[in-house]
Amino acid sequence: MRLSCTVNGEKREVENVWEGESLLYVLRERMGLYGSKNACEQGECGSCSVYLDGTLVCSCLVLAGQAEGCEILTVEGLAEDERLHPVQEAFVEAGAVQCGFCTPGFVVATHDLLQRNITPSEAEIREALAGNLCRCTGYEKILDAVRLAAERMAAS
Amino acid sequence: MTRAETIPTTPTRERPETPVSTPGRVGESTTRADGVPKVTGEFEYSSDLWMDGMLYGATLRSPHPHANIWSVDTSEAEAVPGIFAVLTHEDVPGRKVCGMEVPDQPVLAWERVRYQGEPIALVAADHPETARRALEKISVEYEVLDPITDAEEAMREDTPKLHLSGNLLRHIHVVHGDVDTAEADVVVEGEYEVGMQDQAFLGPESGLAVPDGRGGVDLYISTQWLHIDRDQVAESLGLEPDQVRLHLSGVGGAFGGREDLSMQIHSCLLALHTGRPVKMMYNREESFYGHVHRHPARMRYEHGATRDGKLVYIKARLVFDGGAYASSSNAVCLNAGTFACGPYDVPNALVDSYMLYTNNPPCGAMRGFGAVQVCFAHEAQMDKLAKALGMDPVELRIKNAIKPGDRFPFGQEVPPPAPVAELLERLKAMPMPEEEDITGRDLRRLPGGVSNVTHGEGVRRGVGYAVGYKNVGFSAGFDDYSTAKVTLSVEGGEPLVRVHTAAAEVGQGIVTLEAQIARTELGVNKIAVLPADTSIDSAGSTSASRQSYVTGAAVKAACEAVREKVFARVREEFGEDPDGLSIEDGNVVAEGHGIVVPLAELLDGEEIGELVKYRHKPTYPLDENGQGDAHVQFAFAAQRAIVEVDEELGLVRVVEVATTQDVGKAMNPQALEGQIEGGIAQGLGLALLEEIQVKEGRIQNASFTDYLLPTILDMPPVKMEILELADPDAPYGLKGVGEPPTIASTPAIVAALRDATGRELNRVPVKPEHIVGISGPTGQPPQPGSRGPAAERA
C-alpha cells in the first residue's frame, strides 16, 4: 500500500508498505528516521515514542496505515535550526544519557509532559515517565534532566 | 546465488563524524561527546544500519530444550519468493562450534539441541517478514528428549551426560584453615536461592555484515569485545583474522549480555553466501533466547562465631546452573568460590562452588559476575548471625571487616586500600530520611503506587544493610591487556589529539574518559576519540569493571610517550631541561619561564603518534585447594536500604538507598554517580522484580510485558558518599566502579524487607506471595508472623 503523512513538518509518501508494518518500522526502515527505537516492540518500554496528531504514542503499537494523513513528530523534529530543544540540552548536561537507547523516547515523553505541565512535582514526573524504561541510569539523572528543562523552559 | 555486481564498502547512510570534545579533565564532571547525537536521535546503533541492496537475516531456533535432530529440510523455504539463502551447519565452512572460554556451542546445531532457542538454520530475505515466514517452511524432524533442568540432578552419576566432558563444568574447592577443628559458640545455617536475571539491555542484538568482494567481510556490530568476536567469527568462517574486520556500532547497553556471540557469525555467513550486505536484528522475544543470563544459584551456608561476634568459620556449598553451554561459567564459578565468604576476616573456611550443564538457557556474564549470588547469601547469613548473637548487624560486620594485610580465604593478601569498616561506619552515620506520615499521603508514594490498592493500613518500615565486593579486571592468570594509539597533530592551527582504542563504549562512558585522560596528560583541549575497530590491537573486554583501569592506563601511557617525544624535541631545539616542562593549553611551558613554544609551532605540520600496550600486574590460577593470587584489584561498596512493605498485600516501596563506595579516584563524578545509581537499579530489580521463569527448560516470560524491569516509579532516591583512596597500582589510583553497586543493593533491600516483615525471605526476587506468606520458597509455608523455619542453633 501507499502511505502519505507529514513527518516533522515534511510531506512524506512511501510506496509498497506491507499492511502488517508498524509506524515504527516505516519511520525506521522506510524513511530512514532511526531515532525512534525498537527495544520491546510491544508498548512496554516507550523507546519508540512519537507524537501522532499531537498525541504521545508508542509508534510500535500504531499500524502504518493508521498514520495515513496524520502529522507525526519524532525526536528528530524537536531541535530547531540546529539548536537543541531545552529538553535535549538538559538530558546531555544532567548526565541522563548513558547508552542512550531509551533517550529519544524519554526526550519525547518529557517534551510532552512539559508542554502540559511546566512545573511538575516529582510524583508527576515519575508518573508521566512510568511508561519509559531505562536500564542504565537508575532514573536519578533523568529526573534531574526533567527538572532542569522545566526550570529553563519556565524561565524563558 | 550470484554475487551482487557492485558491493558498497561502507554503509550508505552517512555515518556521523567522530565527535570532537573540548571540556573536561580527569576528576571533572564531563558531558559525553556522544550525548548530543544521542538526544537528537542521530546516534547510529547497530539496529539502525542500512545499506543499498541489504537483506534481512533471521534465525530458526529449537522449540525444544533437549532433542535429537534427525533431519532438516530447507527445500520449501528456499522456494519462497524473496528468499536469498537458507543455511544450516553444513554451510559453516570453518570451526562448527564457538564459545568464549570453551568452544562447546554449535554455530548451527546438528544432531542435537540442548536448549530451547538454540539456532538451527538461517535465512536471508528482502523483507524481515518474508524471512520470518520462510523460517516456518523449514522442517526439522526432532526426537524430543527429557530435559535435565535441575543442577543437582545434572550432578548425579546416573544422569545422562549433555557433553562428552560430563555435566560438571567446573568445581572450585577452597580450603582455608581447618573448619573441622574450629570451635564456635554460635552457629547459624541457611539456604538461599537466586533466580535467573536478564541483562535486559534495551538495544536488541543486531549488526550488519558486508562482504568485501574478496572473500572477507566487514561486520558493524554491538559487542563488548571486538577482538574475541573477530577471532571466533574468523575461525568459523575459515578465514584469516585480517579478512574479518569488526567495527563497533552504537551499543544499546550490555551488562555482560554481549560478551558471547549472538548473530555475529550468522550474519557474516549469510553475507558471504549471498554476496549482499545482511542485517540481523533480534526482537525482544528473540533477544531473551539470543544471549546468556545471570546464573541461578542454590547456596547452603553455615557460619560459626564466638559469643562476642568474631567469625570462626564459614562453610559454603554453591551450586550454579550454567545451562546448555559453557559461556563464561568457568570464571563465574571461580568468582563465586573466591568471594563466597564476603569481605570478612575468616580464619577457617571451606567453600565448594559447582557449575553444571543443564538443558536450561545458557548462563554467563552479567554485572556482578558470581559475586551477586554469593553476596545475597553471605549478607543474609551475617544478619542471621547478628540476630543470634543479639548484636547490631552493622557492628558485627565492622568487627569482622577485612583489612589490608589480612588474607582472603583463597589465600591472597588483601591489598590496600580495603576500607570495609570505614565504608560501613560512614554508611551508618549517613542521615536517615524523615519518616513520612502514612495517612493523607499521596498514593503515588505508597507501596503499590497509583494502583490505589493500599491506603497504608498494613504498611511497615524496614532498614537493611549489606556490603559487597568484587574483583576488577580479568583474573587467574588471564593475559589481560589493552592497546591505545595516541596521535598529536595540528589541525586548523590548533593542536588536536586523536585517541584510538578498540574499547567498546556500551554506555558507561569510556569514550569520555579516554578524552579526559588525553586532555589531562597532553594539555590539549581538542580531543577526538576514534571509532573502535579491529584495525588496532585488542583493548580487552568491556566487562569486569575493567575498561577505565586497563584501557585508561593504556591511553595514559600512550599520552606519556607522546609527551616524552614532545619534550625531547623541545630539549633538542631549545635546550630546555625536560624535567621542568609541561604542556598547558596547547603550549609547552617551562617551570618559571612561561611558554617555551606553542605545540602548533613545534610540530610544524608533523604528527607525533605512539602505540602502547598496557598489562596490569599478573594474576595466578588457584591451586587444588583454591589458593592463589587470583585477582588484581578489589572494589567495595556498602549500602543501606529503607523499605515500606504492605504486609497484607505483599507490596513494596523502596524509600531510599544510601551507599558508600571506594572508587580510588572519581574520574568523572557525574558518570560515576550514573554507574552507581544504575547499578543499584539492577540490584533492586533482582531483589523485587526480575526473573526469567523457566519451566521444564522453557522460558515463560520472554517479553518486557512479563519480565518486569524497575521503572522510574520503582526506583528510590540514592544518597551516596564516595571515598577516593588511591590504589597505588592503578592509573590515577582509580578502582572499577560498575559492579559493586549491583552486588550490594539486592541483599540490602531484602534485609530491609526481613526487618519489616520478620520473614526469612531466602530467595530473590522476593515476590508478594513470599511477603504475605502464601508460599515459602523451600516448600514449607511459613506461618504469618513467624520467622520461617528455625535454623539457628544458638
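In this predicted model, the largest cavity is lined by 31 residues, and those lying nearest its centre are B:Gln105, B:Tyr115, B:Leu261, B:Ser262 and B:Gly290. Three elements of chain B give two or more residues each to this lining, namely β6 (105-106), α6 (264-274) and α7 (284-290). Of these, α7(B) gives the most, contributing three residues. Sorted by class, the residues around the largest cavity comprise 18 nonpolar, 10 polar and three charged. Its volume comes to about 340 Å³, and the structure holds six cavities of 30 Å³ or more.

Turning to helix packing, two pairs in chain B are worth a visit. A pair of packed helices is described by the angle between the two axes together with the distance that separates them. In the pair formed by α15 (residues 669-688) and α16 (residues 740-757) of chain B, the angle is about 45° and the axes are 7 Å apart. The crossing of α15(B) past α16(B) is right-handed. On the α15(B) side, the contact is made by B:Gln675, B:Ile676, B:Gly679, B:Ile680, B:Gln682, B:Gly683, B:Leu684, B:Leu686, B:Ala687 and B:Leu688. Facing them from α16(B) are B:Pro741, B:Thr742, B:Ser745, B:Thr746, B:Ile749, B:Val750 and B:Leu753. This contact has 10 nonpolar and seven polar residues, with no charged ones.

The second pair brings together α9 (residues 371-389) and α10 (residues 393-400) of chain B, which pack at an angle of about 110° with their axes 9 Å apart. Angles of 65 to 115 degrees count as roughly perpendicular, so this description applies to α9(B) and α10(B). Here α9(B) supplies B:Glu379, B:Met382, B:Asp383, B:Leu385, B:Ala386 and B:Leu389, while α10(B) supplies B:Pro393, B:Leu396, B:Arg397 and B:Asn400. By class, the contact between α9(B) and α10(B) has six nonpolar residues, one polar and three charged.

A last stop is in chain A, where A:Met153 sits in helix α5 (residues 140-155). Setting aside neighbours within four places in sequence, A:Met153 is in contact with A:His85, A:Pro86, A:Val87, A:Leu114 and A:Ile118. As for A:Ser36, its C-alpha is 24 Å from that of A:Met153, and the two residues are 117 residues apart in sequence.

Note on methods
Residues numbered from 1 in each chain as written. Chains lettered and ligands numbered in written order. Predicted model: local features only at pLDDT ≥ 70, side-chain atom pairs only at ≥ 80, totals over all residues. Heavy atoms only, no water. 1 Å grid on protein atoms, 1.4 Å probe; cavity = no way out; pocket = protein on both sides within 12 Å on 5 of 7 lines; lining within 4 Å. Points joined across faces, edges and corners; volume = space filled by probe spheres on them. Helix = DSSP H or I, 4+ residues; strand = E, 2+ residues; numbered from the N terminus. Nonpolar A, V, L, I, M, F, W, Y, C, P; charged D, E, K, R; others polar. Axes fitted to C-alpha atoms, helices over the stretch in contact; angles between N-to-C directions. Left-handed = near helix turned anticlockwise from the far one by under 90°. Contact = heavy atoms within 4.5 Å. Parallel < 35°, antiparallel > 145°, perpendicular 65-115°, else oblique.
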